[in-house]
Amino acid sequence: MFRERFSYDPLVLPFLLGLIFIVTYLALGAIRMIKNLPAEDKIRLGKSFFSKQILLSIREIFNECLLHLRIFKKNPVLGYMHMSIALGWFMMIVLAHVEVKLYAPSRFNLPYYPIFFRYFVRETQETLDGAVFFFLMDFFLLMVLSGVGIAMYKRFNSKATGLRRTTRLKWNDRIALYALWSIFPLRLLAESFTSGISGGSFLTRGFGMVFETFVSNDLHVRPTWWAYSLALGTFFFTLPFSRFMHIPTEMLLILFRNAGIKHRTTGTGIAQTEIYSCSRCGICIDACQMVSAARLENKATVYFIRELREGGRHNAWDMASACLMCRRCVEACPVKIESTLIRSALRQDWKMLRREPLSFLPVNHTGPARVIYFAGCMSHLTPGIEQSMVRIFEKTGTDFTFMDREGGICCGRPMMLAGETRAARELIDRNKKIILHSGADTLVTSCPICYRVFAEEYQLPLKVQHHSQFILQMMEQGKISPEFREGTRVVYHDPCELGRNSGIYEEPRKVIAAMARIEPVAEEREMGLCCGGHVGSISLTHHQRRRIAVQACNILLAPSPDAIVTACPLCKKTLMDATAEVPVVDIAQMVDNPELLRKHPNPVLQ
Amino acid sequence: MAVQFGYSINKSNTIDMDTAPRAMESYLLLHEPSFARCIGCGCCTATCSSGVFTQLNLRQIQLRIRRGETQGLLPEIQKCMLCGKCQMVCPRGVSTRNVVLSIQRALQLLS
């Protein structure tokens, strides 16, 4: 009676229990994550549901969670692998429900019925005439199976899918992974056995006919459907404790992000959502120069985020303190997890001692002038840059004042990167007073690290320019016109803070292009290399940094240029120390003295 | 009678290395092993951005830690702005920024 009324069979139990478990878990998880948002962000999220942002979110969820377009752009094979499994499985579920709605509408409300439709249809001896559904179901099953095939192959040979390294998985991920892999071959097997009675298409029918040749009775039908149900159940029960949590969480993350929710200093809210959205695909491992050059594989972002989710915070802190904060991993990440912000938040969590106010730092006013120039601490180490800038200011007749000629207060970013936000604020306030007092309308700086903090944190009512932007402006106004040097070939090294992190790629290139031919480099612009000198890292050793610098030099020197041109005093100093082959020149020096581009005769190499 | 060179980084005093507190030094050697490579050349102090405005002297701090004279270190070390110049000039490759941060952490743990 019960069996007939509900089309119940014990074999649906593993699936059904798993489904109930996962739906409850995800609902509670989503509520908890939304609850953890600050009040302001909750309002923002609420508002976004009633604006056109929600449409954008839906489109993005479709593009990223089903089609995986970003991974496609990185690597087509990897993209296809993700797309085939996600889209194929999704379409199978949708089609199964459509099928039930059409052929057994009374059963539509049973959550398990569409999944086991083929099995039940066989039992009730109903016949189906939807040949097109058989074809479509087989088509999408084949699609998923091809994706699973690639996934299995990738585990053994990651290079085939363009990954030099793939993530080392823990046991919880392995169980979920093997459960996921087994779902689809088992589905094929189960459907093939039932295809003779309940129907099938090119795939299941074909397999069914092959099986019929050597197994004649249908005693094996139930065990295969049981196995299918168990695989589904296992996957659902292990999902919350594995990497596959990224599937549901990424949707929530997209909603949060499109609602305009930003990272805050505490690292809760969106950061927590990001941690769960990490699919542990391992694309960031190859992007990380700490891994490729300094051989610190366990410091890669994927392991850092896993440590935050599963391990102790102490280990995670160790990992966070090594990172150079170059953001190459964020650029590579298909989910766009802002891992450097999570690292920053963690560094802040490490409670420092009560700090005395930095009252001993003087506020030395300067000016008045139209342009205020801040060389930055690192430019004082490479004084050629600031001397060149002073000459350029004089040559162009700019009314300028040199804010830190006799040494100045640090911009505050190194302090910030070390997690000392409050002390950084104090430095910022002091510098801000000096800048505003000068009455300037433009702040020019030679250091991209300073540039970024001036632009993002100072909230200055004046124009902030990196010197490459200022020089380009002067060239466009015809105040300086450097000569093009025929036959000189240079490469440009994108400083992380100027390029990837501030989006300034074109200005320096335009300046250089007026003077010499720029050779393309294997990794540039968004994937520009880190020189290894960045103050973002706290615990990286000198030797590890040097390995990164040497790696960057090797890639930059591949087109055998006459000089490496960069736009950052820190990059200049670090790269200079790592190569003796060619001169490393800052853009300001190059404009001031083009002779520096000449390849210096190296007695050792000749 | 001691020879007067006319300069010194510490006042003359006597330290009993058997009883001097070495906890800070051990902490640093454990958490920033490059501290052991310091030869006290003073490049860090010569280039120091804070040194322009204050008496911050990393070379002296290093010496004091080695001798166990860690009292009154906190206000000194907190003059550092962490700009990282000292690390760039260090001929021995000492991670000076982490030394400064580790000293602060050690002071927190040892207090």
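Helices are DSSP runs (H or I, at least four residues), numbered from the N terminus.

Ground rules, for my own record. This is a predicted model, where local features need pLDDT of at least 70, side-chain atom pairs count only at pLDDT 80 or more, and totals for chains, interfaces and linings use all residues. Residues are numbered from 1 along each chain as its sequence is written, chains are lettered from A and ligands numbered from 1 in the order in which they are written, and side-chain values use heavy atoms, with hydrogens and water left out.

While at α6(A), I checked its start: a side-chain oxygen of N75(A) comes to within 2.9 Å of the backbone nitrogen of V77(A).

Next, α2 (residues 13-35) and α12 (residues 246-258) of chain A. Their axes (lines fitted to C-alpha atoms over the stretch in contact, angles running from 0 to 180 degrees between N-to-C directions) are 11 Å apart, at an angle of about 30 degrees. That makes α2(A) roughly parallel to α12(A) (the cut-off is under 35 degrees). I noted a right-handed crossing for α2(A) and α12(A), meaning the near helix is turned clockwise from the far one by less than a right angle. For contacts (heavy atoms within 4.5 Å), α2(A) supplies L26(A), A30(A), M33(A) and I34(A), and α12(A) supplies P248(A), T249(A), L252(A) and F256(A). I get 7 nonpolar, 1 polar and no charged residues there; Ala, Val, Leu, Ile, Met, Phe, Trp, Tyr, Cys and Pro count as nonpolar, Asp, Glu, Lys and Arg as charged, and the others, Gly among them, as polar.

Then α21 (residues 383-395) and α25 (residues 467-476) of chain A: about 30 degrees, axes 12 Å apart. α21(A) and α25(A) are therefore roughly parallel, but the crossing is left-handed. I385(A), M389(A), I392(A) and F393(A) of α21(A) meet H467(A), F470(A) and I471(A) of α25(A).

Last, chain B. The axes of α1 (residues 23-31) and α6 (residues 96-110) come within 10 Å and cross at roughly 130 degrees.

Methods: Helices (H or I, at least four residues) and strands (E, at least two) are DSSP runs, numbered from the N terminus. Angles under 35 degrees count as roughly parallel, over 145 as roughly antiparallel, 65 to 115 as roughly perpendicular and the rest as oblique. A polar contact is a pair of N or O atoms within 3.5 Å; within protein, one must be able to donate a hydrogen and the other to accept it, and residues adjacent in sequence count only if both atoms are side-chain atoms.
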